[in-house]
Amino acid sequence: MPRDRFLKQSLGSLYSHIRSSRILVVGAGGIGCELLKNLVTTGFGEIHVVDLDTIDLSNLNRQFLFRHAHIKKSKALVAKETAGRFNPNVKIEAHHANIKDPQFNVDWFKSFVIVFNALDNLDARRHVNKMCLAADVPLIESGTTGFNGQVQPIRKGLTQCYDCTPKETPKSFPVCTIRSTPSQPIHCIVWAKSYLFSELFGISEEEAPDLDHTEDSDNAAEIESLRAEAAALKTIRMAMGSEEFPCKVFKKVYTDDIDRLRGMEDMWKTRRAPDALDYDELLARAGQVDPSISLQDQKTWSVEENFAVFVDSLKRLSNRLEELKANAETGNAPPILSFDKDDKDTLDFVAAAANLRSTVFGIETRSEFDIKQMAGNIIPAIATTNATTAALCVLEAFKIMRGELQKAKMVFLTKSVDRMITKEPLSHPKPDCPVCGNAQARLVVDTSKATLSDLVEQLLKAKLEYTDEISISTDAGIVYDPDLEENLPKKLAELGISKDTFITVRDEDDDTARVNLVLAISEVELDEQTQPLTLIPATIAIPRKAKPTNGVATANGDTEPVEQAVSGAKRKRDVDDAELETDNIRKRGKVAEELNGNGPITLDDEEGAIVLD
Ligand SMILES: Nc1ncnc2c1ncn2[C@@H]1O[C@H](COP(=O)(O)OP(=O)(O)OP(=O)(O)O)[C@@H](O)[C@H]1O
Ligand SMILES: [Zn+2]
């Protein structure tokens, strides 16, 4: 029996399209491995997979294409090797590289029918979003944290892009909370990791990303004494390697600094004042404690146990740093240690130091296991969430490949007894989105011949009817505005404009202001006679800047959801929505019922059934 008999049966006419499609998966981690397995078994013709990382022990619990023997090998290459065996008819190309590398340019993105994001960071996601918009290729964006998952189909000009909704930046804490008035375990963990560890073994806390300095000016005096405190710690650092080093560090941060803080009476009118710890007393009490207690990472250690682990890990780290220094080449910057949740010495130190500080401030202490999650900003990744999300990505991709964008949905996976998978219609692009709210075109140009003046006069003013009130910028900054004319005679190449870079043209004319125009540069070598600048498409409509709305503006000023605009259907959606709602209630009832019975949950969907155990 041919291996694709059932695929043909279930996918119908879509199958031949799938067989001949070239697709891209960015990221071969938790979602990426699941996705690749699904795509290979679905029979996509050619799959490219990009990942910059190598396999780590901690990946193996959920990234099932990898085994112990693969540790330290390229994720992309091993994923290709393993998944390739599932279906020999599929061609897989692996790239052990950063998706931001210049070889992955707009033309390369254009060569794919669809792109899947399976990434873990904002920066790379934003980059792929931008490239897919520039290349006009559909993107299936996805992400998971713990039990939550999300899938977002993105189509240039028709749906919201990844950047249409602002994204949360990682959490940071005011310096005073961390250094003077902690009230939660996380405050003490950040103190141990970003302040104490960095001051002793790394670079100064001033550069730590999880400290927020915006409120510093409101507390200028306190910030000044904290600086002096940190400077004193630097002096103690000189004693590293000596017998008395642990005692010096301990007395400084758990006795002297705490006494100073306690003396600031105003601070403790509404808070519990901290109680300093005594080194000699704890040393006597902790005499019997074996520092190997640190192997019991799920236990909440006593104050004596924390003390023993603190002193022991401080010695281990000091020895490591001294050794590094001894082996370092002279003349280089002095070596440092960095916190790594998987480096036992650094984790022991941060866990014990944080717990001792919690004791001082009367905050509950935590197990090393808990501290590892919090210090590494880890929400445990769950294999089932990744697998379900990856499957949903493929189902949404089918709709786009069938040309049925109106059926595509934003899908959410949540831990809920009501309904684990919920869907929302796709919204139209936000007119004020800083990324897709721009007009986009390609500029085919010989950058060694064309000058900035050619670009401004021939293309922007003569052809695209811009006035004098424009500015032009590259990634490096502004290269032209009405007050910056000295670059006009320069060749574009001299201004750092080269193949696969982007330039942004801003219309600064208040009367005519149009949205920004982003030009993706494609290089060609041209002879003297040929026009050095060609715009693709040759004509481009650059809309006026719109006032922000929640949907997309229609001709009559209303907003409408994507389904309606794409399908042209009139208010039929209301009826469909009503039906969907009834349907949701029906399914929710069923889910709740089955959950109570502890059995598997089946969610019927138009694409088939999803069974959740
Ligand atoms: N710029 C990039 N180019 C290519 N691959 C990237 C880029 N940024 C991130 N990735 C890859 O995306 C994948 C995301 O997978 P995942 O979220 O499971 O993270 P992980 O690093 O495997 O696991 P964890 O962070 O939980 O230890 C990783 O394999 C990572 O290497
Ligand atoms: Zn957008």
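**Notebook: a walk through the model**

I began with helix α6 (residues 122-135), whose 14 residues reach 20 Å from the first C-alpha to the last, close to the 20 Å expected at 1.5 Å a residue. I keep in mind throughout that this is a predicted model.

Which residues of α6 are buried? I found Arg125, Val128, Asn129, Lys130, Met131, Cys132, Leu133, Ala134 and Ala135 on that list. Just after α6, I noted that Asp136 has a positive phi of about 55°.

**The whole protein**

Next I stepped back for an overview. I counted 18 helices and 20 strands in the protein. The chain has 613 residues, and 35% of them count as buried. I also looked at contacts with a separation of 6 or more: residues 24 or more positions apart account for 66% of these.

**The eight-stranded sheet**

In what order do the strands of the open sheet lie? I read it as β3-β2-β1-β4-β5-β6-β9-β10, eight strands with mixed pairing. At the edges I found β3 (91-95) and β10 (421-425), each of which pairs on one side only. From one strand to the next, the twist averages 15°.

I reminded myself that strands of a sheet pair through backbone hydrogen bonds, either parallel or antiparallel. With that in mind I looked at one pair up close. Strand β1 (residues 22-26) and strand β2 (residues 46-50) run parallel, joined by five bridges. Within this pair, I saw Val25 standing opposite Val49 in β2.

Then I looked for helices on the sheet. Helix α3 (residues 30-42) packs on it and touches β1, β2, β4 (114-117) and β5 (139-145). I noted that the direction of α3 makes about 160° with that of β1. Helix α4 (residues 75-84) packs on the sheet too, touching β2 and β3. For α4, the direction makes about 165° with that of β3.

**Helix α15**

I moved on to helix α15 (residues 383-401). Its 19 residues reach 27 Å from the first C-alpha to the last, close to the 27 Å expected at 1.5 Å a residue. Its buried residues include Thr385, Asn386, Leu392, Cys393, Glu396 and Ile400.

What do the buried residues of α15 pack against? I found α3, β4, β5, β6 (148-154) and β9 (409-413).

**Around ligand 1**

How many residues surround ligand 1? I got 20, and the closest are Gly27, Gly29, Gly30, Asp53 and Asp120. I sorted this shell by class and found seven nonpolar, eight polar and five charged residues.

My last stop was strand β12 (residues 470-474). I found that β12 pairs with strand β14 (residues 502-507) in the antiparallel sense, over four bridges. In this pairing, Ser471 stands opposite Arg506 in β14.

I then followed β12 to strand β13 (residues 477-480): the two run antiparallel and are joined by three bridges. Here Ile472 stands opposite Tyr480 in β13. How many residues lie between β12 and β13 in their hairpin? I noted two.

Technical notes: Residues are numbered from 1 along each chain as its sequence is written. Chains are lettered from A and ligands numbered from 1 in the order in which they are written. This is a predicted model: local features need pLDDT of at least 70, side-chain atom pairs count only at pLDDT 80 or more; totals for chains, interfaces and linings use all residues. A residue is near a molecule or strand if its C-beta atom, placed from the backbone, lies within 6 Å of it. Ala, Val, Leu, Ile, Met, Phe, Trp, Tyr, Cys and Pro count as nonpolar, Asp, Glu, Lys and Arg as charged, and the others, Gly among them, as polar. Two strands pair if DSSP finds at least two bridges between them. Axes are lines fitted to C-alpha atoms, for helices over the stretch in contact, and angles run from 0 to 180 degrees between N-to-C directions. Two residues are in contact if their C-beta atoms, placed from the backbone, lie within 7 Å. The expected span of a helix is 1.5 Å times one less than its number of residues. A residue is buried if 20 or more other C-beta atoms lie within 10 Å of its own, exposed if 12 or fewer, and partly exposed in between; C-beta atoms are placed from the backbone.
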